[in-house]
Every structure is written in structure tokens, then in C-alpha cells.
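User: Please take a close look at one part of this model, namely the packing of its helices. I would like a single connected account, with each term given its cut-offs.

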Amino acid sequence: MSNLLSRTKISQLLVGGLCVSAFIAPQLSQAAPPPVSISPNGQGRLLIIGDSLSVGTDYFGKLQTRIERLAIWPSVFIDDKSGRKASLAAPILEKQLTADTTAIVIALGTNDMISRTESWYPQYVIDLVMAKTKNLPVLWVNTEFSALGRRDWISRSVRFNRALVKAQARWPQLRIADWNTSFVPKAASRFIADGVHLTVSGYKTRASFTVNALRVYGTQVVDATTTTTSTTTTSTSTSTVPPTTTP
């Protein structure tokens, strides 16, 4: 049975689209994990919420294992599902945000920009999600479509990414992982024909990007936690996690 599920998931990631897929892997409801102890650096659980790009990044790029090797968070929990829109992150946060969660990663927005054309929507959905984060530090991976893909998707992606940058003024705990700037498709590491999903090599590149971004982000979170513990004040700034070179 496990082999069948693996083959189905691989087919979905390589062939399917974010909203419509030739093969749909069975998705089980994810229950919140047991509590974890806060580590000496002040960190507990890292919660990652994503869509099929996150599914592929974890499956082909061993994302969770590589994040755990950073040894910044004692627990890493990934809640990802194909076709997921950013708007669905709000109820997921209500369910999965535990008392020992100390940082959040949101890797959503692609499906929204495929289906939502309203100019006001990016700001609305970003604020909807951020309002449920309980002021915890958030790293949001921005969106990217193939330059050879649909022009309307690309233009809406630009709008969404600009809205993320503007949102930092309203949500000081928000940081941005700039996948849009960092990912340069080449050779085997590229988009597949749908202009949305990635090749196996592309998912591995995304995994390396995410790990490198989390290394920088994690240092910022730990430093802020240490500062807060020492001075009982929180230091915040509006910034973007700088692009990283993927190995």
C-alpha cells in the first residue's frame, strides 16, 4: 500500500497542476503532534504550512530532515496539501498552532493567484493569515511562475509578492523568503510544462533554498528571543531574508 501511495504522489507532482491533477494522492487529516520541550535557545516547534510545492520539496528534497539537521528547532511539523490556498492557512493555524510553537513558515499563495483575479485579494488573504499567527515570527515564501507560462498568473504573482512586502509594515514579525528572485530555472532544475510545478531537480533546488533561508531566519528568531528574554522588549524590523545560493 505504501508503495502505491508513493507512486501516486510522484505522478501527481510530476504531471499534475496545483488545482487540477491527473493523480490525487490520498491525504490524511493531520493531527497536532505531542508537546515538545523548549530548547536552550528558546525555540520549540517550527510549523510549516504549504501546498503541493511543499509536498514536492519535502518528498524529493528531504526538506524536513534537512531542517531538523539545522538543530534550531527541536521539532519540525509540515502540514502540506495539494491545491491548498493561502486562505485555508487561517483555520489550519487555529488547529495546529500549539503553545510550544515558536516560529511559522507559510509557503502559500500560488493557488490563490491562479484562481483569484481581484486586485484587493492579496492584501486581504495575507492579513487573514497573519491575524491568526498570535504575533509569532513568520517566514513567508513568496510566489514564482515560469516566465514561459501564463501571463495573467505571472502578473498576479507580482501583485501578491508586492503585497507581501507592504504587509511587513502592518506585521513587523513577517519576513519574506524571496524564492521569486532566487530561483533561476536552468538545465534540469526548472519548471515542468504547466509553468507551476518543478522537476525533481527543481524541488531539490527549492529544498536547498528553503533550508538556507531558514538558517538565516532561525538565527534572527533566536537572536530576537534572546533579546526579549534579556530585556523584556521585542526588537522587530521589516526585512526580507536575503536570496541564498543553492548548492
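Analyst: The account below begins with the basis of the model and the chain as a whole, and then turns to the helices.

The model is predicted, so local features are reported only at pLDDT of at least 70 and side-chain atom pairs only at pLDDT 80 or more, while totals for chains, interfaces and linings use all residues. Residues are numbered from 1 along each chain as its sequence is written, and side-chain values use heavy atoms, without hydrogens or water.

The chain comes to nine helices and six strands, taken as DSSP runs numbered from the N terminus (helices: H or I, at least four residues; strands: E, at least two). Of its 247 residues, 50% are buried, where buried means under 20% relative accessible area, exposed over 50% and partly exposed in between, with a 1.4 Å probe and protein chains only. Among contacts with a separation of 6 or more, 78% join residues 24 or more positions apart; contact means heavy atoms within 4.5 Å.

The pairing of H6 with H7 comes first. Helix H6 (residues 121–130) packs on helix H7 (residues 151–170) at an angle of about 50°, and their axes are 9 Å apart. The axes are lines fitted to C-alpha atoms, for helices over the stretch in contact, and the angles run from 0 to 180 degrees between N-to-C directions. The angle makes H6 oblique to H7; angles under 35 degrees count as roughly parallel, over 145 as roughly antiparallel, 65 to 115 as roughly perpendicular and the rest as oblique. The crossing of H6 past H7 is right-handed, a term that applies when the near helix is turned clockwise from the far one by less than a right angle, the anticlockwise case being left-handed. H6 contributes Pro122, Gln123, Val125, Ile126 and Asp127 to the contact, and H7 contributes Arg159, Phe160, Ala163, Leu164, Ala167 and Arg170. These residues divide into seven nonpolar, one polar and three charged (Ala, Val, Leu, Ile, Met, Phe, Trp, Tyr, Cys and Pro are nonpolar; Asp, Glu, Lys and Arg are charged; the others, Gly among them, are polar).

Phe160, which belongs to H7, is buried at a relative accessible area of 0%. Leaving out residues up to four places away in sequence, Phe160 touches Pro122, Val125 and Ile126, and also Leu108, Gly109, Met113, Trp140 and Thr143. Thr110 is 50 residues from Phe160 in sequence, yet the two are 9.1 Å apart in space, C-alpha to C-alpha.

H2 and H3 form another pair, with an angle of about 75° and axes 6 Å apart. These two helices are therefore roughly perpendicular to each other. On the H2 side Thr57, Asp58 and Gly61 take part, meeting Leu63, Gln64 and Arg66 of H3, a set of one nonpolar, three polar and two charged residues.

Thr57 sits in helix H2 (residues 52–61) and is buried, with a relative accessible area of 1%. Neighbours within four places in sequence aside, Thr57 is in contact with Lys62, Leu63, Tyr203, Arg206 and Ala207. Lys62 lies in the loop between H2 and H3 and has a positive phi of about 50°, although it is not a glycine. At 51% relative accessibility, Lys62 counts as exposed.

In helix H3 (residues 63–70), Leu63, Ile67 and Leu70 are buried. Their arc around the axis is only 40°, which puts them on the same side of H3.

Finally, Gly218 in helix H9 is buried, with a relative accessible area of 0%. Not counting residues up to four places away in sequence, Gly218 touches Ile72 and Trp73. Gly218 and Trp73 are 145 residues apart along the chain, and their C-alpha atoms are separated by 8.3 Å.

Definitions and conventions:
Arc of directions from axis to C-beta.
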